[in-house]
Amino acid sequence: MMEQIHKLNNSMPKALVDTNIIIHRENSVVSNYNIGRLYRWLDKLHYTKIIHPYTVREIEKYKDKFIRENLLAKLSAYEHIKVVSDPSEDFLKNFINTDKTENDKIDNSLLF
C-alpha cells in the first residue's frame, strides 16, 4: 500500500531533521540511542531526510573547528531544502514570548 502511494505521488515522504538531531546523529560520540532508532524507522519507511538551510548556518557557527568541519562534511548525506519562505508576521506572533535566543527564532522558523 505504501509503495502505491509513493508511486502515485511520484515522491518519497520527507522528514525535516532538526539541527540538534543532526549534531547527535553525526557526532563521533553516541549521546542518544533514540536517534539511531528514529533513523532506522525513517529508513525502513523510506522517508527522505531533509535539512533546512538554517541547519547549515547553525552548524557553520559551531565553535569547535574539528567538530564543525566533521558535521559539515556529513551534511551531503541529506537532501537540502532549496527554497525557503520567511515566516509571516501572523505566524511569528505565536512565538513572541518563546524567542529568547537566535536558535529559538530558527527553530520557530523551521515550523513555518
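This report describes the sheet, the nonpolar core, the aromatic contacts and selected residues of a predicted model.

**The sheet**

Three strands form an open sheet in the order β1-β2-β3, with parallel pairing. Because β1 and β3 stand at the edges and have a single partner strand each, one side of each is left without a neighbour in the sheet. Strands of a sheet pair through backbone hydrogen bonds, in either a parallel or an antiparallel manner. Here, β1 is joined to strand β2 (residues 48–51) by three bridges, and two bridges join β2 to β3. The table gives one bridge pair for each of these strand pairings.

| Strand pairing | Bridges | One of the bridge pairs |
|---|---|---|
| β1 and β2, parallel | three bridges | Leu16 and Ile50 |
| β2 and β3, parallel | two bridges | Ile51 and His80 |

**The nonpolar core**

The largest nonpolar core comprises 11 residues: Val17, Ile22, Ile23, Ile35, Tyr39, Ile51, Val56, Ile59, Leu71, Leu75 and Tyr78. Two or more of these residues come from each of the elements α2 (19–26), α3 (33–44) and α4. Ile51, the bridge partner of His80 in β3, is also a member of this core.

With its neighbours within four places in sequence left aside, Leu71 is in contact with Ile22, Ile23, Glu26, Asn27 and Ile59.

**Aromatic rings**

A pair of aromatic rings is described by the distance of the centres and the angle of the planes. The model has one aromatic pair. Tyr39 and Tyr78 form this pair, which is edge-to-face, with 6.4 Å centre to centre and 85 degrees between the planes. Since Tyr39 lies in helix α3 and Tyr78 in the loop between α5 (65–74) and β3 (79–80), the pair ties together parts that are 39 residues apart in sequence.

Apart from its neighbours within four places in sequence, Thr55 has contacts with Val17, Thr19 and Ile22.

Helix α7 (residues 102–111) contains the buried residues Ile106, Asn108, Ser109 and Leu110. Their cover includes β1 (14–16), α4 and α6 (89–92).

**A residue with positive phi**

Most residues other than glycine have a negative phi. His46 has a positive phi of about 60 degrees although it is not a glycine. This residue, His46, is placed in the loop between α3 and β2. With a relative accessibility of 46%, His46 counts as partly exposed.

Note on methods: Residues numbered from 1 in each chain as written. Predicted model: local features only at pLDDT ≥ 70, side-chain atom pairs only at ≥ 80, totals over all residues. Heavy atoms only, no water. Contact = heavy atoms within 4.5 Å. Buried < 20%, exposed > 50% of the residue type's maximum accessible area, 1.4 Å probe, protein only. Helix = DSSP H or I, 4+ residues; strand = E, 2+ residues; numbered from the N terminus. Core = buried A, V, L, I, M, F, W, Y, C linked by side-chain atoms within 4.5 Å. Phe/Tyr/Trp six-rings, centres within 6.5 Å; stacked < 30°, edge-to-face > 60°. Pairing = 2+ DSSP bridges.
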